[in-house]
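I opened the notebook to work through this fold one look-up at a time.

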Amino acid sequence: MAEDSDLERTEPASPKRLEEARKKGQVPRSHELTSFSTLMVGMVAVIVTGPELYAAMKQVMLTALSFNRAQLLQDNHISELLYDAFRIAVVAILPIFAACIISAILTPIMIGGWLMSFEALGPNFARMNPMSGIGRMFSARTIVETVKTILKSGLIGGVAAWVIWNEKEQFIQLLAMDPESSFAMLWQMTRHTLILVVGAMAVIVIIDVPYQLWDYYKGLRMTKEEVRQENKESEGDPHVKGRIRQLQREAARKRMMSEIPKANVVVTNPTHYAVAIRYDEQMRAPKVVAKGAFLLAERIISLAKDNKVTVVRTPPFARALYHHAELGEEIPTALYTATAEVLAYIYQLDMYRKEGGFEPTLNTDLPVPPELDPESGIS
């Protein structure tokens, strides 16, 4: 049962899955919203430009139908009349077409955003499989689209039929009216019909847009196994990451060990901790070049002795450095005085080894703030 639940698409699509779908040209779209907005914009454009459109159509009729016998005998007169009528009609209708085209381009962006993808144009031989095509013909989505088309046609057709039936008397009256009055009445009837059809389409859009969004995100749902696999790919295989961290630690340890021969002194606890300190005139303050605990501390001490680096036993100071000084960074300000005493002792010890005299001794009670020593009992 657990394996079956892992294979069910119950998880919402991840941002990566959504981005991959966008690259393939898959975004939520509602054809009903595009049709509605285009018709709505076209209707508004027709209403706004109604007087100009009416005047242009009237001019077209006058231009196309006004001629005499002498003009008919002219070779190019009819073609010129048709050209003038066509030009007037195009100029009148062009703003409406332009508004509809802009609406058809911008409307899909409202729910799916702007997308420019050529991947969907590439060849996909899987779509050429006849069995897959038959399966798509009888899929749930195809059935839903078919039912939606039938309902849409019935609704819009019903509205149009209702308008025509209720205004049948006006249609008959048009035959007996003069052209000026018939055009005005026809315009009113057309505007009334457009408003009712757009209202009917609005009902379809209110239902279709949420459905398209739900269907889109449902189709991109993931199984729990896919989510785990994606997380593993994005975050990296734990085994590989562990190996990388191990290699990084080994590389850092090698770099640290290479700095020990350059150190001035190694302070110890004596075997729990070991910290190597280096200082020269170009440094603003002494730095910790190596530190370690237990086995690593033993390796640091052994390497220091092999390279004739002085090792001194200063338990509180070594513990404070180990816990509060970062590798490769300057020592904390609170430990400056203790560090200065240790470095002064190393300098005196080097002079004693070269020139002889009295052997120096290190102050065993170095000024280490109790709060920096984890074993002092003060935090």
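This is a predicted model: local features need pLDDT of at least 70, side-chain atom pairs count only at pLDDT 80 or more; totals for chains, interfaces and linings use all residues.

Entry 1: I began with Tyr 322, which comes out at 23% relative accessibility and counts as partly exposed.

**Entry 2: overall picture.** I counted up the secondary structure and got 16 helices and 6 strands. The protein has 379 residues, and 30% of them count as buried. I also looked up the accessible surface, which is about 25000 Å², with 62% of that belonging to carbon and sulfur atoms. Then I checked how far contacts reach along the chain. Taking contacts between residues at least 6 apart in sequence, 74% join residues at least 24 apart.

**Entry 3: strands 3, 4 and 5.** Next I followed the strand pairing. Strand 3 and strand 4 make a hairpin, with 4 residues between them. They run antiparallel and are joined by 4 bridges. Strand 4 also pairs with strand 5, again antiparallel, through 6 bridges.

I wanted to know which residues face each other across these strands. Val 266 is opposite Ala 276 in strand 4, and Ala 276 in turn is opposite Ala 290 in strand 5. Val 275 has Lys 291 of strand 5 opposite it.

Entry 4: I picked Val 267 next, which sits in strand 3 (residues 265–268). Its relative accessibility is 0%, so it counts as buried. What does Val 267 touch, apart from its neighbours within four places in sequence? I found Tyr 273, Ala 274, Val 275, Val 312, Thr 314, Phe 317, Ala 318, Leu 321 and Val 342. I also noted the distance to Pro 316: it is 49 residues away in sequence, but 9.9 Å away C-alpha to C-alpha.

Val 267 turned up again when I looked at the largest nonpolar core, which has 23 residues. The residues with the most contacts inside that core are Val 265, Val 267, Val 312, Phe 317, Leu 321 and Val 342. Strand 3, strand 4, helix 15 and helix 16 (336–355) each give two or more residues to this core. Helix 16 supplies the largest share, 6 residues.

I then listed the contacts of Val 265, leaving out neighbours within four places. Among them are Val 275, Ala 276, Ile 277, Val 342, Leu 343 and Ile 346. Another core, of 15 residues, lies apart from the largest one, and its members include Met 256, Val 266, Leu 296 and Ala 297. Val 265 and Val 267 belong to the 23-residue core, whereas Val 266 is in the other. That reminded me of a general rule: side chains in a regular strand alternate between the two faces of the sheet.

**Entry 5: aromatic rings.** I counted 3 aromatic pairs. In one of them, Tyr 211 and Trp 214 have ring centres 6.1 Å apart and planes at 35 degrees, so the pair is tilted. Both are in helix 11 (residues 179–219), 3 residues apart, which puts about one helical turn between them. Tyr 211 is partly exposed at 22%, and Trp 214 is partly exposed at 45%.

Tyr 273 and Tyr 322 make another tilted pair, with 4.6 Å between centres and 40 degrees between planes. This pair links distant parts of the chain, 49 residues apart: Tyr 273 is in strand 4 (residues 273–278) and Tyr 322 in helix 15 (residues 315–324). Tyr 273 is buried at 14%, while Tyr 322 is partly exposed at 23%. Lys 291 sits over the face of Tyr 322, 5.3 Å from the ring centre.

Entry 6: Most residues other than glycine have a negative phi. I noted two with positive values. Phe 294 has phi near 55 degrees and sits in the loop between strand 5 and helix 14 (295–306). Lys 308 has phi near 60 degrees and lies in the loop between helix 14 and strand 6 (310–313). Is Lys 308 buried or exposed? At 75% relative accessibility, Lys 308 counts as exposed.

Definitions and conventions: Residues are numbered from 1 along each chain as its sequence is written. Side-chain values use heavy atoms; hydrogens and water are left out. Rings of Phe, Tyr and Trp (its six-membered ring) pair if their centres lie within 6.5 Å; planes under 30 degrees apart count as stacked, over 60 as edge-to-face and the rest as tilted. Buried means under 20% relative accessible area, exposed over 50%, partly exposed in between (1.4 Å probe, protein chains only). A charge sits over a ring if NZ of Lys or CZ of Arg is within 6 Å of the ring centre and within 35 degrees of the ring normal. Two strands pair if DSSP finds at least two bridges between them. Contact means heavy atoms within 4.5 Å. Accessible areas come from the Shrake-Rupley method with a 1.4 Å probe; for residues, only the protein chains shown count as cover. A nonpolar core is a set of buried Ala, Val, Leu, Ile, Met, Phe, Trp, Tyr and Cys residues joined through side-chain atoms within 4.5 Å.
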